Amino acid sequence: MILKQHLLILYSFCGIVLKATATKNKVKGGQGQFPITQNVTVTEGGTVNLTCRVDHNDNTSLQWSNPAQQTLYFGDKKALRDNRIELVRASWHELSISISDVTLSDEGQYTCSLFTMPVKTAKAFLTVLGVPEKPQIGGFTKPAMEGDQITLTCMTSGSKPAADIRWFRNEKEIKGAKEVNASGKTFTVTSTLQLQVDRNDDGVAYTCRVDHVALNTSPQQTTQVLEVHYAPYVEITHPLVFPQEGQYFKLECISKGNPVPDPVLWTKDGGELPDLDRIIVDGRELTIMALNKTDNGTYRCEASNHLGKSSAEYNLYVYAMTTPKELPGPAKDPNALNDQNGPDHAVIGGVVAVVVFVTLCLIIVLGRYLARHKGTYLTNEAKGAEDAPDADTAIINAEGNQANAEEKKEYFI
């Protein structure tokens, strides 16, 4: 009887030990079951994968839930009727799903649950990027007038986070004034440029470019080409530096303006061009078939539009036919000079200056010589009269009396 009781106690004790060991092993295994997830980012309209993994799992089910705590998938069983959500992979160690055509409302925190005791969870935050719309440029009405103040405005909406707007004048970046406004989950960004336009802005391309993380390396941009009206500007070009008799000669009148200037008007010396067959006018070009001295003069071209007019002049001087060695030294346009015989006048002036200088020197030397000899004559004439007691004696003793007259000689040069 006593032996039977001892056996019963031993059996009970062994059962308790075995049960405790099993419970301990189950708890130890449960501590290794933790779901692993990762945050993801997707562009609006794109497709994203949500993956949940478990390193140690004793055939416990995994589940994905959306930010509203609605179950999307429980194991391989779809729980939410949404055609955009599909199963990618389901096993005891992984549950992956995909969401296509993602919208901004899909953004939020998704939960992966492992149904152990207690339930273990992991969070994955889905970030949705709002793609900015193509920018639009406004505030400019064609055409502008030279000197006008204009405002260019570039706007893009739908970006998340807020987009960045950059301005370029042709290829050079310039700075604008940026403004950001929230519109729900997205942002509207505006940038403005204040310009005072001139003729140099006519035909210039101003580009508004939008940079955003959702656009990767392909920024969106819009370009506005300015049209600026201004009065004409005129200049005359010519190929010959020293035009000579008999040569072919052409003047070209280059006129710039917007609107395009009317056909240019050619004149000579303030009047109409001579009616000669040698002179041909074809629009902006004036051609003289064979130059001669009668072609010398001032040629003028004038262009105009409704904003004003402008003119340019060219002074033509025709040289006699000669060799290149006989032409004046520096290759300057001789028609811009007032005196064509400048070098000859300089030589003549130098010779005259030398002659005048020599003559003045001779006059000064002769004057000094005459003054010196005249003083000597007056001094000698009074010698012997200084110690005379009276005037009569002084006259008699003076070396200038008649007795000594023969000894005096005067020289005049």
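**Close-up views of a predicted protein model**

Thr287 is buried, with a relative accessible area of 8% (buried means under 20% relative accessible area, exposed over 50%, and partly exposed in between, for a 1.4 Å probe and protein chains only). The model is predicted: local features need pLDDT of at least 70, side-chain atom pairs count only at pLDDT 80 or more, and totals for chains, interfaces and linings use all residues. Residues are numbered from 1 along each chain as its sequence is written, and side-chain values use heavy atoms, with hydrogens and water left out.

View 1. Leaving aside residues up to four places away in sequence, Thr287 touches Tyr248, Phe249, Lys250, Arg278, Ile279 and Ile280 (a contact means heavy atoms within 4.5 Å).

**View 2. Strand β8 and its partners β3 and β7.** Of the 6 residues in strand β8 (residues 94-99), 6 are buried. In a regular strand the side chains alternate between the two faces of the sheet. Here Glu94, Ser96 and Ser98 point one way from β8, while Leu95, Ile97 and Ile99 point the other way; all are buried. Strand β3 (residues 48-54) runs antiparallel to β8 and is joined to β8 by 6 bridges (two strands pair if DSSP finds at least two bridges between them). In this pairing Asn49 stands opposite Ser98. Strand β7 (residues 85-90) also pairs with β8 in the antiparallel sense, over 5 bridges, and Arg89 has Ser96 of β8 as its bridge partner. The strands β7 and β8 form a hairpin with 3 residues between them.

**View 3. The open sheet β15-β14-β18-β19.** The 4 strands of this sheet follow that order, and their pairing is antiparallel. At the edges lie β15 (172-174) and β19 (220-225), each of which pairs on one side only. Direction ignored, neighbouring strands are turned by 30° against each other on average (axes are lines fitted to C-alpha atoms, for helices over the stretch in contact, and angles run from 0 to 180 degrees between N-to-C directions). Strand β14 (residues 164-169) is joined to the antiparallel β15 by 3 bridges, and Arg169 stands opposite Lys172 in β15.

**View 4. Salt bridges of Arg166, Glu173, Arg209 and Asp211.** The structure holds 16 salt bridges (a salt bridge is a side-chain nitrogen of Lys or Arg within 4 Å of a carboxyl oxygen of Asp or Glu). Glu173 and Arg166 meet in one of them, at 2.8 Å from N to O; Glu173 is partly exposed at 41% relative accessible area, and Arg166 is partly exposed at 24%. Arg209 forms a salt bridge with Asp211, with the closest N and O atoms 3.6 Å apart. Asp211 counts as partly exposed at 22% relative accessibility. Salt bridges with shared partners join Arg166, Glu173, Arg209 and Asp211 into one network.

**View 5. The Asp82 and Arg84 salt bridge.** The closest N and O atoms of this pair are 3.2 Å apart. Asp82 is buried, with a relative accessible area of 19%, whereas Arg84 is partly exposed, at 23%.

**View 6. The 3 disulfides.** With bonded cysteines counted along the chain, the pattern is 1-2, 3-4, 5-6 (a disulfide is a pair of cysteine sulfur atoms within 2.5 Å). The sulfur atoms of Cys52 and Cys112 are 1.9 Å apart, and this link is left-handed, with -75° about the S-S bond. Cys52 lies in β3 and Cys112 in β9 (residues 108-114), so the pair ties together parts 60 residues apart in sequence. Cys154 is joined to Cys208 with an S to S distance of 1.7 Å, and the link is left-handed at -65°. Cys154 lies in β13 (residues 149-159) and Cys208 in β18 (residues 205-211), so parts 54 residues apart in sequence are tied together. Cys253 and Cys301 have sulfur atoms 2.1 Å apart; their S-S torsion is about 70°, so this disulfide is right-handed.

View 7. The protein chain averages a pLDDT of 80, and 76% of the residues score at least 70 (pLDDT is the predictor's confidence in each residue, from 0 to 100). Where pLDDT is low, the predicted coordinates should not be read in detail.

Definitions and conventions: Helices (H or I, at least four residues) and strands (E, at least two) are DSSP runs, numbered from the N terminus.
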